[in-house]
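This report goes through one protein model, from its sheet to its helices and cores. Please keep the sequence and the structure in view while reading.

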Amino acid sequence: MENQIPNVVPLNVGGRHFSTFLSTLLRHEDSMLAAMFSGRHQVERDKDGRYFIDRDGSAFAHILEFLRHAKLPPPDHAREVYVEAQYFGLQVLSDKLAHFKDVREEIASKEQLFKYQDIEALAERVLKAVPPVITGTSKVALLMDSGWKARSKVGDVVPNVVPARFLENTSWQTHECIQGDNRDYIEPFCPADLPVRVALVQQYLQRRGYDVSTKLETCEFSLERGKKSVWSDLMTMDVFCGVHGVVFTIS
């Protein structure tokens, strides 16, 4: 049995009250809004008998203006209205809003996050290393290479492998390095992907209220500059750290 919807429909959308013609709500037949008030579905009412929709009332005011007069919202409201247009299945409005700057950026961001699905996990790893209360700034490095390589000092081709005797001695660990106390390694990035993924992590953190800057850093520590006497049998090589990663400065 169909529900009888009055010609003038009283609405309560997220606490804001509206009244409009039923024909206005049914204007786009393929929308969810039209389906809700087609009479085929039960729509909850509040204590005053208004049809209740648990959505953003401020954004719905712009939805209603579009249904009445095909009027688009001002640019600074485009993003939230786009979200509601998507919810109500108003594809015509969604398509028009997709040309607004903020909405285009939002769509592009979601597409990038879908493509790089580890962005949220990387951002959470950064936040995990940040103290709950930040006084001043905090630095966190996502390291992309565990470091320690060998290169020839005499022009020979040397494999990118550190001799075992070097790794048996821990004296190399005393040098200053971007690792600091944070040894949070991630898999090596494709060079073409690195700027995009770093930018997405930065954007993810900024949208959650953090002031973030980033810098790609490489540890330049080398046995050529300090500990070569310990490794007299490696004098034809220079053993160097080479750890590199993205340092996030967060405040």
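## Basis of the model

The model is predicted, so local features need pLDDT of at least 70 and side-chain atom pairs count only at pLDDT 80 or more, while totals for chains, interfaces and linings use all residues. Residues are numbered from 1 along each chain as its sequence is written, and side-chain values use heavy atoms, with hydrogens and water left out.

## Overall make-up

The protein has 9 helices and 9 strands. Here helices (H or I, at least four residues) and strands (E, at least two) are DSSP runs, numbered from the N terminus. Of the 251 residues in the protein, 39% are buried; buried means under 20% relative accessible area, exposed means over 50%, and partly exposed lies in between, with a 1.4 Å probe and protein chains only.

A contact requires heavy atoms within 4.5 Å. When contacts between residues at least 6 apart in sequence are taken, 70% of them join residues at least 24 apart.

## The sheet with β1

An open sheet is formed by 3 strands in the order β2-β1-β3, with mixed pairing. Strands pair if DSSP finds at least two bridges between them. The edge strands, β2 and β3, each pair on one side only. Neighbouring strands in this sheet are turned by 30° against each other on average, direction ignored; axes are lines fitted to C-alpha atoms, for helices over the stretch in contact, and angles run from 0 to 180 degrees between N-to-C directions.

Strand β1 (residues 8–13) and strand β2 (residues 16–21) run antiparallel and are joined by 6 bridges. Across this pair, Pro-10 stands opposite Ser-19, Leu-11 opposite Phe-18 and Asn-12 opposite His-17. The two strands form a hairpin with 2 residues between them, and Gly-14 in the turn has a positive phi of about 60°. On the other pairing, β1 and β3 run parallel and are joined by 3 bridges.

## Helix α3 and its neighbours

Helix α3 lies across β1 and β2 and runs at about 15° to β2. Two packed helices are described by the angle between their axes and the distance between the axes. For helix α3 (residues 57–69) and helix α4 (residues 78–87), the axes come within 9 Å and cross at roughly 75°. α3 is therefore roughly perpendicular to α4; that label covers 65 to 115 degrees, with angles under 35 counted as roughly parallel, over 145 as roughly antiparallel and the rest as oblique.

On the α3 side, Ala-59, His-62 and Ile-63 meet Glu-80, Val-81, Glu-84 and Ala-85 in α4. The contact consists of 4 nonpolar, 1 polar and 2 charged residues. In this classing, Ala, Val, Leu, Ile, Met, Phe, Trp, Tyr, Cys and Pro are nonpolar, Asp, Glu, Lys and Arg are charged, and the others, Gly among them, are polar.

## Nonpolar cores

A nonpolar core is a set of buried Ala, Val, Leu, Ile, Met, Phe, Trp, Tyr and Cys residues joined through side-chain atoms within 4.5 Å. The largest has 30 residues, and those with the most contacts inside it are Val-9, Leu-11, Leu-33, Phe-37, Phe-60, Ile-63 and Leu-93. Two or more residues each come from β1, α1 (22–25), α2 (32–36), β3 (51–53), α3, α4 and α5 (91–97). The most come from α3, which gives 7 residues.

Not counting residues up to four places away in sequence, Ile-63 touches Val-81, Glu-84, Ala-85, Leu-90 and Leu-93. A second, separate core has 19 residues, including Ala-123, Val-201, Tyr-204 and Leu-205.

Leaving out residues up to four places away in sequence, Thr-24 touches Leu-64, Leu-67 and Arg-68.

Val-247 is in strand β9 (residues 244–250) and is buried, with a relative accessible area of 7%. Beyond its neighbours within four places in sequence, Val-247 is in contact with Lys-139, Val-140, Ala-141, Ser-213, Thr-214, Lys-215 and Glu-217. Val-247 and Ser-213 are 34 residues apart in sequence and 8.3 Å apart in space, C-alpha to C-alpha.
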